[in-house]
Amino acid sequence: MTDSFDPIQYLEYLRKRWQFTAVAVLLAGAVTLVLCLVLPKQYTAVATLVIEPPGGDPRSATAVSPIYLESLKSYESFASSDSLFAKACDKFHLLDGKTSPSLESFKRRVLRVDKLKDTNVLEVTVTLPNPAQAQALVQYLAEETVALDRGIARAGDQELLDKSQQQLDAARKELDQARSEAASAAGPEPVLESEVLSLQESKASAETQRIEANLILAESLARGDQESAVPNRAGVVALTGDIAAIERDLDTKSALLAALRARRQGADDRLRTAEDTFERAAKHGDEAAASAMFRTEQLRIVDPGIVPQRPSFPDLPIAAISATAIAAVACLAWLTIQFGFRRQRGQPARAGLMVAGSGNR
């Protein structure tokens, strides 16, 4: 019999070893401070652009659809294009050194472009060791992104209309195929469901019998009746084998039933998806036509960014808090493990005394 957990004893154990935790936390904080002071600082500048609704119609600002917001993610590729970034690197001489990294790796480390979720706001972020250069680069990228959008907007209107019509035709074809597939998807699900249910009941009954047999076996062993324990043990083994056989059969039948259900569910899901896709394609076609009719400049810089005053990396407060928290948790886990080992080493002797005492009674 194991001793119950004593929280008072555990807290006392931690209190006596508080110096270990304190030293570890202070050491982690000191190491973090040194690293933050030694590591080269990086500064992040952010430029914000807004993507205006097409056509300049104020009513469209209140009728923005999810598919329209999703289409705005294409503007991320404008600001993060390799050609634009290469042009910016040449302008600011960022990759002129002999040991300079490749353009791709440098862009992944320096540039980040995000269209904020469920908004029409585009953020361009640049991180460099020089704060003034970071702000100049991010402003240049924002301005060139606006210029790129201005140059290709009108040329892409007809292409957008053609693509919308193609999507609508494809969605209609997919919808017809999905309807045909959903009408033909069928299988012997009721028969398999009945068999699976029967097997589950058989397994539950066998497990109940095994539990009862284990109880009888435990009583026989407690009385020291080895003669009755032998057949009881054999019965437990036999029931265990029966349960294993039932489980194998149940797994096979369940897999077949799941496959049939997946086929039918897949056909239903495909039909729903096709219907949704067709509706979105039709709506997208209407939006494309309206956009071509009322085309205006859509990208606008609302904030070119400022020269950052504080480094974005390393962030000393966050790093210090994280390091000390991790050190404290690690120390607590280590001391808890050691406390458990100490309790286990003390249990065998106490268990022997308890068994001897119960024998005397």
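**Close-up views of a predicted model**

**View 1. Arginine 172 is partly exposed, with a relative accessible area of 35%.** The structure shown in this and every later view is a predicted model. The partner of arginine 172 in a salt bridge is aspartate 169, with a distance of 3.3 Å from N to O. Aspartate 169 is likewise partly exposed, at 38% relative accessibility. Side chains of opposite charge can pair when their charged atoms come close.

**View 2. A salt bridge joins arginine 270 to glutamate 174.** The closest N and O atoms of this pair are 2.6 Å apart. Which helices does the pair link? Arginine 270 belongs to helix H10 (residues 226-293) and glutamate 174 to helix H8, so that distant parts of the chain, 96 residues apart, are linked. Arginine 270 has a relative accessible area of 27% and is therefore partly exposed. Glutamate 174, at 30%, is partly exposed.

**View 3. Lysine 73 and glutamate 76 form a salt bridge.** Their closest N and O atoms lie 3.3 Å apart. Lysine 73 counts as partly exposed, at 42% relative accessibility. Is glutamate 76 buried or exposed? The relative accessible area of glutamate 76 is 17%, and because buried means under 20%, this residue is buried. In the protein, the count of salt bridges comes to 9.

**View 4. Leucine 168 of helix H8 is in contact with Phe278, Ala281 and Ala282.** This list leaves aside the neighbours of leucine 168 within four places in sequence. With a relative accessible area of 15%, leucine 168 is buried. The view also takes in histidine 284, which is 116 residues from leucine 168 along the chain. What distance separates the C-alpha atoms of leucine 168 and histidine 284? The separation of these two C-alpha atoms is 8.7 Å.

**View 5. The largest nonpolar core has 32 residues.** Val124, Val126, Leu128, Leu137 and Leu141 are the residues with the most contacts inside this core. Two or more residues come from each of strand S1 (43-51), helix H3 (66-71), helix H4 (74-79), helix H5 (82-92), helix H6 (103-110), strand S2 (111-115), strand S3 (121-128) and helix H7 (131-152). Which element gives the most to the core? Helix H7 does, with 7 residues. Leucine 141 touches Leu84, Ala88, Leu111, Val124 and Val126, when residues up to four places away in sequence are not counted. Another core, of 7 residues, lies apart from the largest one and includes Leu192, Leu250, Leu257 and Leu260.

**View 6. Glutamine 135 is found in helix H7.** This residue counts as buried, because its relative accessibility is 12% and the limit is under 20%. Which residues does glutamine 135 touch, not counting those up to four places away in sequence? Glutamine 135 touches Ala45, Pro304, Gly305, Ile306 and Val307.

**View 7. Leu27, Val31, Leu35, Leu39 and Phe313 form a nonpolar patch on the surface.** Together these residues have about 450 Å² of accessible area. Where is leucine 39 found? Leucine 39 is found in the loop between helix H2 (18-38) and strand S1. At a relative accessible area of 35%, leucine 39 is partly exposed.

**View 8. The protein as a whole has 12 helices and 4 strands.** Of its 361 residues, 28% are buried. The accessible surface comes to about 22700 Å², and 60% of it belongs to carbon and sulfur atoms. Among contacts between residues at least 6 apart in sequence, 81% join residues at least 24 apart.

**View 9. The average pLDDT of the protein is 79, and 87% of the residues score at least 70.** Over residues 348-361, by contrast, the pLDDT is below 50. How many contacts does this stretch have beyond near neighbours in sequence? The stretch has 3 such contacts in the model. Where pLDDT is low, the predicted coordinates should not be read in detail.

Technical notes: Residues are numbered from 1 along each chain as its sequence is written. This is a predicted model: local features need pLDDT of at least 70, side-chain atom pairs count only at pLDDT 80 or more; totals for chains, interfaces and linings use all residues. Side-chain values use heavy atoms; hydrogens and water are left out. A nonpolar core is a set of buried Ala, Val, Leu, Ile, Met, Phe, Trp, Tyr and Cys residues joined through side-chain atoms within 4.5 Å. Buried means under 20% relative accessible area, exposed over 50%, partly exposed in between (1.4 Å probe, protein chains only). Contact means heavy atoms within 4.5 Å. pLDDT is the predictor's confidence in each residue, from 0 to 100. Patches are made of residues with over 30% relative accessible area and no salt bridge: like charges are joined within 9 Å, nonpolar side chains (Val, Leu, Ile, Met, Phe, Trp, Tyr) within 5 Å. Accessible areas come from the Shrake-Rupley method with a 1.4 Å probe; for residues, only the protein chains shown count as cover. A salt bridge is a side-chain nitrogen of Lys or Arg within 4 Å of a carboxyl oxygen of Asp or Glu.
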